[in-house]
Amino acid sequence: GYAGACPFASLRLLPRRYNQSLLLARGLSRITGCPVTPDMLVRRRNTVSQGHLSRRARERNVRSAFKVRVDRKPTLRGKTVILIDAVLTTGATVEACTRALRAGGAAEVHVLTLARVVCPQAG
């Protein structure tokens with residue numbers, strides 16, 4: 001079975017007014033029948049907005065920032081997760097979320113993204 005998770009915490013919904021990843025996950029769920037669990041991950045600590053950060057700064061910013069909710073671990077154990085990120089920039093957030101999902105018991109994590117930002121000068 002599959003368990004879906006979205007990397008955005010509810011705090012990020014306030015300025016955006018919607019969660020693109022959750023919209024994608026729900027659409028995919030309707031097609032595949034795979035469940036969506038948008039609250040699988042929670043933030044351990046607040047992080048700063050990453051729009052202005054370099055690749056390395058983004059990695060430091062989100063390192064160990066996410067964890068699996070304790071009450072979701074039994075649902076996650078041994079499952080394959082499809083992690084949806086609407087826009088992938090450096091991959092720092094996806095990597096941090098993947099590490100948290102694996103530490104929380106996921107057997108595999110696959111990433112699905114709608115768009116990839118390419119910035120050759122970003123370092």
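## Gly78 and its loop

At a relative accessibility of 52%, Gly78 counts as exposed, because this value is over the 50% cut-off. The structure discussed here is a predicted model. Gly78 is located in the loop that runs between α4 and β4. Although Gly78 and Ala107 stand 29 residues apart along the chain, their C-alpha atoms are separated by 4.7 Å.

Arg77 is found in this loop between α4 (73-76) and β4 (80-88) as well. With a relative accessibility of 55%, Arg77 counts as exposed. Arg77 also takes part in a patch of positive charge on the surface, where it gathers with Arg44, Lys67 and Lys73.

## Overall architecture

The protein contains 5 helices and 5 strands. Followed along the sequence, these elements give the pattern β-α-α-β-α-β-α-β-α-β. Of the 123 residues in the protein, 40% are buried.

Arg43 belongs to strand β2, which covers residues 41-43. How much relative accessible area does Arg43 have, and is the residue buried or exposed? The value is 18%, and Arg43 is therefore buried, since the cut-off for this class is under 20%. The C-alpha atom of Arg43 is separated by 4.5 Å from that of Phe66, while the two residues are 23 residues apart along the chain.

Leu112 lies in strand β5, which comprises residues 108-116. Its relative accessibility is 38%, and Leu112 thus counts as partly exposed. Between the C-alpha atoms of Leu112 and Leu88 the separation is 9.4 Å, and these residues are 24 residues apart along the chain.

## Salt bridges around Asp39

A search of the whole structure finds 4 salt bridges. In one of them, the side chains of Arg69 and Asp39 meet, with an N to O distance of 2.8 Å. Why does this pair tie together parts that are 30 residues apart in sequence? The reason lies in the positions of the two partners: Arg69 is in the loop between β3 (66-68) and α4, whereas Asp39 is in the loop between α2 (20-32) and β2. Arg69 is partly exposed, with a relative accessible area of 25%. Asp39 is likewise partly exposed, with a relative accessible area of 25%.

Asp39 forms a salt bridge with Arg72 too, and here the closest N and O atoms are 2.7 Å apart. This pair links distant parts of the chain, as Asp39 lies in the loop between α2 and β2 and Arg72 in the loop between β3 and α4, 33 residues apart. Arg72 counts as partly exposed, at 23% relative accessibility.

Arg99 and Glu95 form a salt bridge in which the closest N and O atoms are 2.9 Å apart.

Elsewhere, salt bridges that share partners join Asp39, Arg69, Asp71 and Arg72 into one network.

## Cysteines

How many disulfides does a search of the whole structure find? The search finds 0 disulfides.

Terms used: Residues are numbered from 1 along each chain as its sequence is written. This is a predicted model: local features need pLDDT of at least 70, side-chain atom pairs count only at pLDDT 80 or more; totals for chains, interfaces and linings use all residues. Side-chain values use heavy atoms; hydrogens and water are left out. A disulfide is a pair of cysteine sulfur atoms within 2.5 Å. Patches are made of residues with over 30% relative accessible area and no salt bridge: like charges are joined within 9 Å, nonpolar side chains (Val, Leu, Ile, Met, Phe, Trp, Tyr) within 5 Å. Accessible areas come from the Shrake-Rupley method with a 1.4 Å probe; for residues, only the protein chains shown count as cover. Lys and Arg count as positive and Asp and Glu as negative; His and the chain ends are not counted. The place of a charge is taken as NZ of Lys, CZ of Arg, CG of Asp or CD of Glu. Helices (H or I, at least four residues) and strands (E, at least two) are DSSP runs, numbered from the N terminus. Buried means under 20% relative accessible area, exposed over 50%, partly exposed in between (1.4 Å probe, protein chains only).
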